[in-house]
Amino acid sequence: MMDMSIALPKGRLLDKSLEYLRQADLDLKVKKNRELVQNINRNKLVLSKPSDVPVYVEHGIDIGIAGSDVLEERKSEVFVPLELDFGKCRLSVAVPEENEVDIDDFEGYTIATEYPNLTSDFFEEKGISVDTIRLDGSVEVAPRIGIADAIVDIVETGRTLKANDLVEIEKIMDVSALFMVNRISQKVRFEEINELVEKLKEV
Amino acid sequence: MKKDVFSESERLDIIVSEIREILKRWGYQEIFLPSVVEHDGKLRKGLNITCQNEFYSVNPDPTSQMAVNFRDGLPIRKFYIREILDGIEGKFQAGIEFLCDDPVRNKVEILNILISILERLKIEDFYVDIGSLKIWKETIENIKEYRDDIFTALRRRNLSLIDDLPISSEKKEELWDLLNLRGEKCGFDKIDRLIDLVDDDRFYADLGTVRPLPYYDDIIFEIYSPRAGFPIGAGGEYKLEGTHGCGFALDLEMISEIYNIEEENDFVVVDGDLKTSYRRARGLVEDGEKVRMEI
């Protein structure tokens, strides 16, 4: 596999993504110098914010790995041949423990989230009008300081919610890592990409 | 990044002029569709608004707008160049539609015009992948209760979604094989024959080309270039009150990204005092010259 451009998320999914690709013979030894674009064995690796990976792939990077949460939030037009067996978590609605209410009573609530599109879609579908505040990180703090009534965020073990006196009341979607392919790369590198997908499927 | 409207317009002006000229040579007429129309369930895209308790669509998809206004009188050869809205997002497109009684002829003509336009724009490294919605519909006929899931999987080439379907492993394999059926020929006569009739080695049969839009009913195609991260256009065939139609739309912003502008040197530069220079310029224009007034 040569001359491929690959976008991977910095953070919790990076090591597993590298290991996963390595098992399909795409060995990317990442330099420790924090370079965000690295040339490795004639491949170009782009390390980006997780939420930007689908955008990079949509705009011309050949392949990438990111969570289904960020893909659905960005609504990027990419191919998604495989759902992967890591990065499993869920996107959920949570409220302060002392104010636990049913989701149907959220009318007029302000919700802090990194996922304003998914949040709006979820409540619109239920016919509930809410305001969203977009935050980038530490969303769980918002109800404690009084700028939001609830949050929509990723829940893995529930420990972060508990530490911030929040309780999960409804799941919006299950999340897992996805293998993504640029729509044009799939066409112009058809054989190479299909071969890679076949190998990754066996991992 | 906010685009520079003036420099972007300079590029689009050149591109659109070339497209218009080619389409005129092919005998196509430009259609001028109103921007604001009464809302109709058959209209696609557009920005939906209310005004004085009435519902309207602003700049909807022109093919659907033409369908709403369709009257008899074949053949119809029309083209449009306009911004299409999808909510508040806008996209400049050039599109053509050809309606006639011969469903093979209209596809062959439309695809030949596509080649004319792209070659005129000196975009020669383009490819066209041709697929068929009917082949897919026939393939899933006996499992059509999963139609929506299957088309979601097809649109995203999602092997995992196909794997999760409660259907036999043979059927899953058949779906995956069909999705990966791509080449100069595919074994399906209607696609192979079309590629043969167009006779251009940049055209491929590709059953992985799946765009289940409401009005396309069989052959669909996607136009792309390795220099662009997105498709540069797409099209397909449809039926309008029993009449066969075929058309495509080019994404002018994507075309602009890969189009190389050549400096125009064929202007006659005119200078002198206002009265005589403009009189001379007028004469040159009448004689078919291009003029550029010296300031």
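A residue is counted as buried if 20 or more other C-beta atoms lie within 10 Å of its own. I used this cut-off throughout the entries below, on a model that is predicted.

**Entry 1: chain B as a whole**

I looked up how much of chain B is buried. Of its 295 residues, 34% count as buried. I then listed the elements of chain B and found 10 helices and 14 strands. The C-alpha atoms of chain B fill a box of roughly 85 × 55 × 45 Å along the principal axes. For contacts in chain B with a separation of 6 or more, I noted that 57% are between residues 24 or more positions apart.

**Entry 2: confidence**

The mean pLDDT of chain B is 91, and 98% of its residues reach 70 or more.

**Entry 3: helix α1 of chain B**

I followed helix α1 (residues 5-25) of chain B, which has 21 residues. From first C-alpha to last, this helix reaches 29 Å, close to the 30 Å expected at 1.5 Å a residue. Its buried residues are B:I15, B:I19, B:I22 and B:L23. They lie on the same side of α1(B), because they cover an arc of only 95 degrees around the axis. On the other side I found the exposed residues B:F6, B:D13, B:S17, B:E21, B:K24 and B:R25. I also looked up what the buried residues of α1(B) pack against: β5 (76-86), β6 (89-100), α3 (103-120) and α9 of chain B. Just after the helix, B:G27 takes a positive phi of about 80 degrees.

**Entry 4: B:Y259**

I found B:Y259 in the loop between α9 (252-258) and β13 (267-270) of chain B. Is B:Y259 buried or partly exposed? It counts as partly exposed, because it has 19 C-beta neighbours inside 10 Å, and the cut-off for buried is 20 or more. Leaving out residues up to four places away in sequence, B:Y259 touches B:R11, B:I15, B:L121 and B:I123. Of these, B:I15 was already in my notes as a buried residue of α1(B). I also compared B:Y259 with B:R20: they are 239 residues apart in sequence and 16 Å apart in space, C-alpha to C-alpha.

**Entry 5: helix α4 of chain A**

I turned to helix α4 (residues 116-126) of chain A, where the buried residues are A:L118, A:T119, A:F122 and A:F123. They cover an arc of only 120 degrees around the axis, so they sit on the same side of α4(A). The face turned away from this buried side carries the exposed residues A:E124 and A:E125. Among the elements of chain A that cover the buried residues are α3 (68-74), β6 (89-96) and β10 (166-175). Just after α4(A), A:G127 takes a positive phi of about 75 degrees.

**Entry 6: where the chains meet**

Last, I looked up the contact between the chains. How many residues of chain A are in contact with chain B? I counted 17 residues of chain A against 14 of chain B. On the chain A side, β5 (79-83), α7 (183-188) and α8 (190-202) each supply at least two residues. By class, this side of chain A has eight nonpolar, five polar and four charged residues.

Conventions
Residues numbered from 1 in each chain as written. Chains lettered and ligands numbered in written order. Predicted model: local features only at pLDDT ≥ 70, side-chain atom pairs only at ≥ 80, totals over all residues. Contact = placed C-beta atoms within 7 Å. Helix = DSSP H or I, 4+ residues; strand = E, 2+ residues; numbered from the N terminus. Nonpolar A, V, L, I, M, F, W, Y, C, P; charged D, E, K, R; others polar. pLDDT = per-residue confidence, 0-100. Buried ≥ 20, exposed ≤ 12 C-beta atoms within 10 Å, placed from the backbone. Arc of directions from axis to C-beta. Expected span 1.5 Å × (residues − 1).
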